[in-house]
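This report describes the overall fold, surface and annotated regions of one protein chain. Please consult the sequence and coordinates shown below while reading.

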Amino acid sequence: MNNSPITTSIFDLFKVGPGPSSSHTIGPMKAAYDFLERLRHLPEATVESADSIHVHLYGSLSATGKGHGTDRAIVAGLLGWQPESTDPVALMAMLKDPAVTYPVVVGNRTFDLGANSIHFERKKYESPFANTVVFQLVANGNGLYEEEYYSIGGGFILRKGEETVDQSAIQLPYKYQTMKELKTRLADHQLTLEQLMLANETAVTGRSTKEINLRIDQLLDFMHKAVRRGLRHTGTLPGSIKLRRKAPVLFQQARGLAQSSDSFLIFLNSYCLAASEENAAGGIVVTAPTSGASGVIPGLTYLAKHHFHYSKETLRAGMWAAAAVGFLVKHNASISGAEMGCMGEIGTASAMGAAFLTQCAGHSIGAIEAAAEIGIEHHLGMTCDPIGGYVQIPCIERNAMGAVKAYNAFLLATAGTPANQKISLDAVIKVMKATGRDMSTRYKETSEAGLALSATEC
């Protein structure tokens, strides 16, 4: 377990950017942008002597990077693009023609970057993380300058040599690493979960409560815009699978069955599919906690707003509960599909969604913990096996299933006394980490096993 207190910002967990994958799209784009900035600080003589830039992808980035658009994201990052301000249409158009190159400007030099500059390496590479990308500034085939980055899930990146971040400068008012410690802080200081999380967020980011609340509202707006776009868009998703969008059809069915007991579930399914299909199409989504799981919480929050008519204040409180669970999983296990399989993505999202619903309904921290634990427990061992490397099958429907499980986890957790729950959230996160470690890498975002092998049937 990480021995430092949790210092993750809610705005690092929930990030705005283009789909289809936070670890394969947003992370590499951020890494490429960081490399560009470092190139700009190199001695002028070093840059002047170089003739090209090359990028080497390893692990899952190599295995499924084509389907996830990793090469496009890297080109965009080296052109100076940032995830939140990216034009998804322009991004999807990149590298359509392998002969086209893109000008990367560093000082007085311009390097032509194209498909031949990005290498999907199949050989084994010794790395502490599954998703590794190496950037090189090259002269006559020899490396002049190199940086290695790891995409660790949810759009988070680490640069080699900076794996351990000094967090001592951050003076958290309420330190915790586990749910047990979090509950102790809440009890000792007589705080609500939202109050504690807000205080820590202010310490981490320096933002005021007003600024933080406004940004959370904006995140919800980004999520709900993705849902609304997905409910309108019809047709076929990009890629060789030729998968047709289903969300608009489901939404119309739900409206036609408004008096039926089934309409509630159909509405929820349509909202989750809508955001997930937008992600698969490379649209702007919110990592929750990853792009591959960006349909669960948007679908649930859309339901909470438009069907339960919760206020902005209630939705914000729910987001803090979701964030608390996401922080705990990221800190003590992983939210990366390449490390945990899909339980790290949909499993975490389902647990976060269950916590969101439980908080919005006004239940205790004990009930929130129980709901999150149930959410993860019933995703343990779930493989990440996308067909063709696209975030489509089974990813899109898994978002809907994860949201349904989240709602059921909320119902189960609030049906009795939370103290009677036999398994703690901390315990199930430990099991989650051990399960992810024991899983074959073939079932962790490599498209080498599971449903991915049925690609020829699609």
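The model is predicted. Its secondary structure consists of 18 helices and nine strands. The radius of gyration is 22 Å, close to the 23 Å that the globule rule gives for 458 residues, and the protein is therefore as compact as a globular protein of that length. Along the principal axes, the C-alpha atoms occupy a box of roughly 70 × 50 × 40 Å.

Of the 458 residues, 57% are buried. When contacts between residues at least 6 apart in sequence are considered, 76% of them connect residues at least 24 apart.

The protein exposes about 18,500 Å², and 50% of this area is supplied by carbon and sulfur atoms. As to charge, there are 41 positive and 42 negative side chains, with the centres of the two sets 4 Å apart.

| Range | Helix content | Strand content | Distance between end C-alpha atoms |
|---|---|---|---|
| Residues 9-161 | 34% helix | 30% strand | 22 Å |
| Residues 189-452 | 62% helix | 1% strand | 50 Å |

Conventions:
Residues numbered from 1 in each chain as written. Predicted model: local features only at pLDDT ≥ 70, side-chain atom pairs only at ≥ 80, totals over all residues. Heavy atoms only, no water. Helix = DSSP H or I, 4+ residues; strand = E, 2+ residues; numbered from the N terminus. Rg over C-alpha atoms; globule rule 2.2 N^0.38 Å. Buried < 20%, exposed > 50% of the residue type's maximum accessible area, 1.4 Å probe, protein only. Contact = heavy atoms within 4.5 Å. Areas by Shrake-Rupley, 256 points an atom, 1.4 Å probe, with all protein chains shown as cover. Lys, Arg positive; Asp, Glu negative; His and termini not counted. Charge placed at Lys NZ, Arg CZ, Asp CG, Glu CD.
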